[in-house]
Amino acid sequence: MRTKYLALVLPLFLTACSSDDNSIKVNTDDLINSDVENVALDEIKDPEQGLFQPGQPISLDFSINTTLLETEHVGVTFMAIPKDKVEQLKTHDNPEGYNLGVHYIAQLTPGEQSFTAQLMLPNEEMPSGEYLIAGYVDSARSIEDEQDLEDNASRGHETGDLTTYAQVTIDSSKYHDFVMDKLVVGDGYAIFPDVGLRETTTEDAPEHKEADLIGHFDASKFGSGVNSANVSASITINGETLPVHFWQEGLNHYDDKMHIEFKDHEQSHYFPYDIAINGVLLNKLHQAYNADSDSNSFELTMTIEDTSEFAESNTTNNTLTIEVPYSLYKNEVPDDHPQAAQLKEAAAAQENQMLYPMAARSDIGGDDTSAVIIKGKDSLLIMDFYASLYGDKSKVAVLPLFSSSMSFANVNGGQAYASAIGTFSLFMFDKSKNLFSASAYGKADGGNGTIEYGMKASLIGNSLFDESETLEALNRSFGYDWEEEQKLFSTTFTIVIVPISVSAGVKGSVGVNTDLKYEQQRFSIGGDVLTASLEAYATAGIDLLIASGGVGIDFLIIGDTLSAEAYIDISKVLSDSELVYGLDISNNMKAIEGEFYLWVKYPGYEFCCSFPTREATKTLYNTGALYDKTWELVSTQGSLNFAN
């Protein structure tokens, strides 16, 4: 311990010792133990691994000692420098070292504190040889009036004391490593078509264009030499492992691998995926499914495959396996499904449904369609449903939900029903909002020649319009367009040592353009039931006076058009027992694309005399739009003769 009063009293103390007057006594222990505000770097331990290469991560254990301080937002900067040039840390404005990064301490506490810093050797030319890693506590000088700045830094090398240095060896040969950090399936739940709703014999990539699994993985790349790789995936069920297939962006089909490109070495990257399963794997899932069990699940495994000519440093971290619960399409929505409330709400809107198979896809009856088609002696049901989570809920994600149906019952001169529903729920920072919903339906009664119709639309919980009526004739068009900015969410991130508060939401447009007609016992519904073009909108505030920052954003949340064209002609049901129908439902979706990042500027220590302004970023997203495709949910037309 030091005291700032010791120099003042020392002459008095010496005089008292040489005096014969013993009445003057000074207690030096009291003087030496008078504490003052200070923080000191006590130790940096050598890592267990002694040999490193440029671009490689490195973990360092270190400890500090604090007296009378509880300062918040303190950074500890680390630099690697050749052992024979370590003196430059004190003598040169620009020592020939390499910045390894900053460790953030949220708050100092009195006494000794121990930490582990996760750092990165830079991807640049570093001569091979022996290096010392030095540290400096409070590199942004957040502490006011600290009494001794000398002990903030590594020191003592001139006397051979390397307690506050870590010793490592650098080998500058080629190095790279891929790491699979995180694997996520949508809302953590999968749902597949039940027995009979899709073929179960094909072994190759599926020909359908609708995804069976939507999700994302986060992966890191270390080293500067190799920047791309392939990814493969498989599902294991009942001890059998079969491959799955990835949507090929721009090529309009599924294939067995996904190609990925890394743009930066120092951060974890987000990669969205769109997976389909073939008939053989679907059959295995059918066989393993137990309808009476509370839990049915499979294992999804994803692997990064190095395709370069150089040997990867570590391949054991290229693979992740997660367990995914799943269900088959049923007549009822499973209560434990993450989207159960929304699915049941959509199901309730299908007023005259004879059956509700969730999102089932089939080609029953020979129709060229992916929808469920159920033809009875005196009835018809055509239906399809789609819902999946796009993005990362902890950052930005959107949940589109589409439902469409058509039904007919040969009673009282014929009754026909058609509907289309679209909704968007938005997730940001693990919070959610029901962003927009629109629905249209019509119910025609051939016996009395009337129609019941309804049209609804809501925006962020507020009803825009809600209209329904029973008429003998109908020719109505509904339209609504919204375009503005809405701040909906807020959270705080820490970038290096700077807390940054972010408020975010959406900007863009959402529209409804739907026509409903009923004349001469022919009912039709058509148009763009729901269109959306939504981007992320964000502002940022800095909670630390020494820093500034903001948001960089060019980010599409979703661009989507759900189009529905349906008609049911019941004019000949009484006279000829014939029903004529047609239903076309298509969707064009582009989701989660662009760059969304936060940035801060803060003072930083360069191990000598200067405190330059540094800039750091935190990337939430930097991705192309894998989800960019158009597909038909339903495409069918025909006639039924009830006299046969």
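A residue is called buried here when its relative accessible area is under 20%, exposed when that value is over 50%, and partly exposed in between, with a 1.4 Å probe and protein chains only. The structure is a predicted model, in which local features need pLDDT of at least 70 and side-chain atom pairs count only at pLDDT 80 or more, whereas totals for chains, interfaces and linings use all residues. Residues are numbered from 1 along each chain as its sequence is written, and side-chain values use heavy atoms, with hydrogens and water left out.

Of the 644 residues of the chain, 52% count as buried. The chain has 6 helices and 34 strands, these being DSSP runs numbered from the N terminus (H or I over at least four residues for helices, E over at least two for strands). By the Shrake-Rupley method with a 1.4 Å probe, the chain exposes about 28,100 Å², of which carbon and sulfur atoms supply 44%. If a contact is taken as heavy atoms within 4.5 Å, then among contacts between residues at least 6 apart in sequence, 72% join residues at least 24 apart.

Helix α4 (residues 279-288) has 7 of its 10 residues buried, so it is largely enclosed by the rest of the structure. The buried residues of α4 are Gly 279, Val 280, Leu 281, Leu 282, Leu 285, His 286 and Ala 288, and they pack against β10, β12 (228-237), β13 (240-243), β18 (297-305) and β19 (319-328). At the start of α4, a side-chain oxygen of Asn 278 reaches to within 3.4 Å of the backbone nitrogen of Val 280.

Strand β10 (residues 190-192), one of the strands against which α4 packs, contains Ala 190. Ala 190 counts as buried because its relative accessibility is 2%. Leaving aside residues up to four places away in sequence, Ala 190 touches Leu 213, Phe 298, Val 324, Pro 325, Tyr 326 and Ser 327. Ala 190 and Ile 214, 24 residues apart in sequence, are 9.0 Å apart in space, C-alpha to C-alpha.

A search of the whole structure finds 17 aromatic pairs, in which rings of Phe, Tyr and Trp (its six-membered ring) have centres within 6.5 Å, with planes under 30 degrees apart counted as stacked, over 60 as edge-to-face and the rest as tilted. Tyr 98 and Tyr 131 form a tilted pair, at 6.4 Å centre to centre and 55 degrees between the planes. This pair links distant parts of the chain, with Tyr 98 in strand β5 (residues 98-107) and Tyr 131 in strand β7 (residues 129-137), 33 residues apart; Tyr 98 and Tyr 131 are both buried. The rings of Tyr 270 and Tyr 621 have centres 4.6 Å apart and planes at 85 degrees, so this pair is edge-to-face. Here Tyr 270 in strand β17 is joined to Tyr 621 in strand β33 (residues 613-623), 351 residues apart, and both Tyr 270 and Tyr 621 are buried. Phe 178, Phe 217, Phe 262 and Phe 271 form one aromatic cluster.

Methods. A polar contact is a pair of N or O atoms within 3.5 Å; within protein, one must be able to donate a hydrogen and the other to accept it, and residues adjacent in sequence count only if both atoms are side-chain atoms.
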